[in-house]
Every structure is written in C-alpha cells, then in structure tokens.
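Please consider the sequence and structure below before turning to the grouped points.

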Amino acid sequence: ELEQAANAASLETAALLNDSPASTELSQSISDALGGAGENQNAGSARLSILLRPLEWLNAPLATFPDTVRDAIGKIALLTMFNAAAVLIFVLIFRKH
C-alpha cells in the first residue's frame, strides 16, 4: 500500500510538472476545493472566504520566493515550534513549586 501511495504521489507530481490534461484536471479539482480561488488572481482575493484571507495575507511575503526557500523556511518554522513545545513541557514537568 505504501508503495502504491508513493507511485500515485509521483504520478501526481509528474502531472503537475508537465502541461498535460491530468495537470489541468488536478489543478481544477484543487481550485474547486478552494472554492475557485485559483481561477483568477485578481478576483481570487474577493472570492476567498473570510477564513482563507488571513492565510493568504501571511503567505504574501513568501509568495515571490522559490519553492526551495519556502520549504526551508517551513522546516525551520516546524523545528522552532517543536523546540518551543519541548521547552514548555520541560518547564511544566521540572519546575519547582
């Protein structure tokens, strides 16, 4: 099952990299899942729900960077979050009353 999932993921990635009907079908399904936000960037902000607008605003400064930079920033953010959680747990367990 794991191997089939990996093959399916690689096929989806290949479809995204190529300009094929599968790629447009996948992007259409993603657009439909997001409420059609990917159809037009100018009209997309007006059509986004109130819950997705803050996420778009947070993503705006990083939108111009390449995927590798955004991936690195995301990994650093996750590492920082886990470190902070570990410090909080450590303090809660080992603090003296």
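Over which residues does pLDDT stay under 50, and how many contacts beyond four places in sequence does the model have for them? The residues concerned are 37-42, for which there are seven such contacts. The model is predicted, and its pLDDT averages 74 over the protein.

**Confidence**
- A pLDDT of at least 70 is reached by 52% of the residues.
- Among the elements, helix α3, which spans residues 41-47, has the lowest mean pLDDT, at 56.
- Helix α5 has the highest mean pLDDT of the elements, at 94.

**Overall architecture and surface**
- The protein contains five helices and zero strands, and the order of elements from the N terminus is α-α-α-α-α.
- Of the 97 residues in the protein, 7% are buried.
- The accessible surface amounts to about 8400 Å², and carbon and sulfur atoms account for 66% of this area.

**Nonpolar patch**
- A nonpolar patch on the surface is formed by Val 87, Ile 89, Phe 90, Val 91, Ile 93 and Phe 94.
- Together, these residues have about 620 Å² of accessible area.

**Aromatic pair**
- The count of aromatic pairs comes to one.
- In this pair, the ring centres of Phe 90 and Phe 94 are 4.9 Å apart and the ring planes stand at 45 degrees, so the arrangement is classed as tilted.
- Both Phe 90 and Phe 94 belong to helix α5, where a spacing of four residues places them about one turn of the helix apart.
- Phe 90 is exposed at a relative accessible area of 51%, and Phe 94 is also exposed, with a relative accessibility of 57%.

**Salt bridge**
- Side chains of opposite charge can pair when their charged atoms come close.
- Arg 70 and Asp 67 form a salt bridge, and their closest N and O atoms are 2.3 Å apart.
- Because Arg 70 and Asp 67 are three residues apart in helix α5, about one helical turn separates them.
- Arg 70 is partly exposed at 30% relative accessibility, whereas Asp 67 is exposed at 51%.

Technical notes. Residues numbered from 1 in each chain as written. Predicted model: local features only at pLDDT ≥ 70, side-chain atom pairs only at ≥ 80, totals over all residues. Heavy atoms only, no water. Patch = residues over 30% accessible without salt bridge, like charges linked within 9 Å, V, L, I, M, F, W, Y side chains within 5 Å. Areas by Shrake-Rupley, 256 points an atom, 1.4 Å probe, with all protein chains shown as cover. Salt bridge = Lys/Arg side-chain N within 4 Å of Asp/Glu carboxyl O. Phe/Tyr/Trp six-rings, centres within 6.5 Å; stacked < 30°, edge-to-face > 60°. Helix = DSSP H or I, 4+ residues; strand = E, 2+ residues; numbered from the N terminus. Buried < 20%, exposed > 50% of the residue type's maximum accessible area, 1.4 Å probe, protein only. pLDDT = per-residue confidence, 0-100. Contact = heavy atoms within 4.5 Å.
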